[in-house]
Amino acid sequence: MNQKLLSIFLFANITCVFSGCIQQRDDLFYSAQEGNQKIFEKYTLKNSACGSNKLPGALALGRVKIDDANLCFRAIELTTCPAWNTEGYTPDSCKAIGTSFR
């Protein structure tokens, strides 16, 4: 009886893992390199549109949560060129990216 329950338990767990029941935490994050690359790409596009040569205000030192990065990217897209060209301006949603060291 115990072996039958163990078999059912293992089958259910294996099925769940392969069918996506368990969310992989790594799927929620960009690596630091990938996050920085995407940030630089967004800055480059905005610089091109606004005729500036601004660098990101901070670099990601650790993993970057994808949702946080997307908020930053959207803020960059919505920033007007006069605001973008202001010295030292960085969208608030971009300031905390990559500061979590979990």
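What follows is a chat about the disulfides and cavities of a predicted model.

Me: Before we start, what kind of model is this, and how are residues numbered?
Reply: This is a predicted model, where local features need pLDDT of at least 70, side-chain atom pairs count only at pLDDT 80 or more, and totals for chains, interfaces and linings use all residues. Residues are numbered from 1 along each chain as its sequence is written, and side-chain values use heavy atoms, with hydrogens and water left out.

Me: OK, how many disulfides does the structure hold?
Reply: Two, taking a disulfide as a pair of cysteine sulfur atoms within 2.5 Å.

Me: Which cysteine is joined to cysteine 50?
Reply: Cysteine 81, with an S to S distance of 2.1 Å. That link is left-handed, with -75° about the S-S bond.

Me: And what does that pair tie together?
Reply: Cysteine 50 sits in helix α2 (residues 32-50) and cysteine 81 in helix α4 (residues 81-84), so the bond ties together parts 31 residues apart in sequence. Helices here are DSSP runs (H or I, at least four residues), numbered from the N terminus.

Me: Is cysteine 50 buried or exposed?
Reply: Buried, at 11% relative accessibility. Cysteine 81 counts as partly exposed, at 28%. Buried means under 20% relative accessible area, exposed over 50%, and partly exposed in between (1.4 Å probe, protein chains only).

Me: Now the other one: where does cysteine 72 link to?
Reply: To cysteine 94, S to S 1.9 Å. The partners lie in distant parts of the chain, 22 residues apart: cysteine 72 in helix α3 (residues 66-78) and cysteine 94 in helix α5 (residues 92-95). With 100° about the S-S bond, this link is right-handed. Cysteine 72 is buried at 1% relative accessible area, and cysteine 94 is buried at 10%.

Me: What's the pairing in sequence order?
Reply: Counting the bonded cysteines along the chain, 1-3, 2-4.

Me: Switching topic, how many cavities of 30 Å³ or more are there?
Reply: Two, from a search of the whole structure. A cavity is a set of points, on a 1 Å grid over the protein atoms alone, where a 1.4 Å probe fits but cannot get out, and lining residues have an atom within 4 Å of a point.

Me: Which residues line the largest cavity?
Reply: Among them are Ile39, Tyr43, Leu59, Cys72, Cys94 and Ile97. That cavity holds about 70 Å³ of space, a volume being the space filled by probe spheres set on the points, which are joined across faces, edges and corners.

Me: And what's the lining like by class?
Reply: Nine nonpolar, two polar and no charged residues. Ala, Val, Leu, Ile, Met, Phe, Trp, Tyr, Cys and Pro count as nonpolar, Asp, Glu, Lys and Arg as charged, and the others, Gly among them, as polar.

Technical notes:
Helix = DSSP H or I, 4+ residues; strand = E, 2+ residues; numbered from the N terminus. 1 Å grid on protein atoms, 1.4 Å probe; cavity = no way out; pocket = protein on both sides within 12 Å on 5 of 7 lines; lining within 4 Å.
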